[in-house]
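Let's take a friendly walk through a protein model together. Have a look at the sequence and the structure below, and then we will visit a few spots one by one.

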Amino acid sequence: MRAALDAAEACEGSGDVPVGAIVARDGRVLASAGNARERLQDPTAHAEVLALREASDAADSWRLDGCTLYVTLEPCAMCAGAIVLARLDRVVFGASDPKAGFAGSLGNLLQDERLNHRVDLDGGVLAEECGALLKAFFSDRR
């Protein structure tokens, strides 16, 4: 999660919400990304999606079984859907997102029994640090 926080902090100055994501397999980091919606002018350029793309390139496969995603903010519905489709084994997130989170806050797409794949989930890891980074970003905007 510390590496995901580093990726989130790297967003500083880009205008992007500081969210960072890491994909790891067998203790090795396959991908690291921060939000880049503003920088790329791409609504899908969330940290999780960018990290999944990079990890798929590194693994030479869209199937990311055996992988864990560490992300500083609870994934939204789009990211949760991409995580399920990529067949990740586990997601570890920091701060909950009561307005858009789909890993327990508004719903739980990652563990929906109607889907053909479910993801192990651990939330609240370094939640205070992850949340503080987001609060600082938004307080500077107001």
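Leaving aside its neighbours within four places in sequence, which residues is D16 in contact with? They are C11, N35, A36, R37, E38, R39 and F137, where contact means heavy atoms within 4.5 Å.

## Before we go on

This is a predicted model, in which local features need pLDDT of at least 70 and side-chain atom pairs count only at pLDDT 80 or more, while totals for chains, interfaces and linings use all residues. Residues are numbered from 1 along each chain as its sequence is written, and side-chain values use heavy atoms, with hydrogens and water left out.

You can find D16 in the loop between α1 (2-9) and β1 (20-25); helices (H or I, at least four residues) and strands (E, at least two) are DSSP runs, numbered from the N terminus. D16 is buried yet has no salt bridge. Buried means under 20% relative accessible area, with a 1.4 Å probe and protein chains only, and a salt bridge is a side-chain nitrogen of Lys or Arg within 4 Å of a carboxyl oxygen of Asp or Glu.

The nearest side chain of opposite charge, R39, is 5.0 Å from D16; Lys and Arg count as positive and Asp and Glu as negative, with His and the chain ends not counted. A polar atom of the D16 side chain does lie 2.6 Å from the backbone nitrogen of E38.

E74 lies in the loop between β3 and α4 (77-85). E74 is also buried without a salt bridge, and the nearest side chain of opposite charge, K99, is 13 Å away.

What does the side chain of E74 reach at 2.9 Å? That is the backbone nitrogen of A103, and the backbone nitrogen of G104 is reached at 3.2 Å.

## Strand β3 and its partners

Six of the seven residues of β3 (residues 67-73) are buried, so this strand is largely enclosed by the rest of the structure. Strands pair if DSSP finds at least two bridges between them. β1 and β3 run antiparallel, joined by five bridges, and R25 stands opposite C67. With β4 (residues 90-95), β3 pairs in the parallel sense over five bridges; there L69 stands opposite V91.

## Cysteines on their own

The structure holds zero disulfides, a disulfide being a pair of cysteine sulfur atoms within 2.5 Å. For C67, the nearest cysteine sulfur, that of C79, is 16 Å away. C67 counts as buried, at 0% relative accessibility.

Note on methods: Buried means under 20% relative accessible area, exposed over 50%, partly exposed in between (1.4 Å probe, protein chains only). A polar contact is a pair of N or O atoms within 3.5 Å; within protein, one must be able to donate a hydrogen and the other to accept it, and residues adjacent in sequence count only if both atoms are side-chain atoms.
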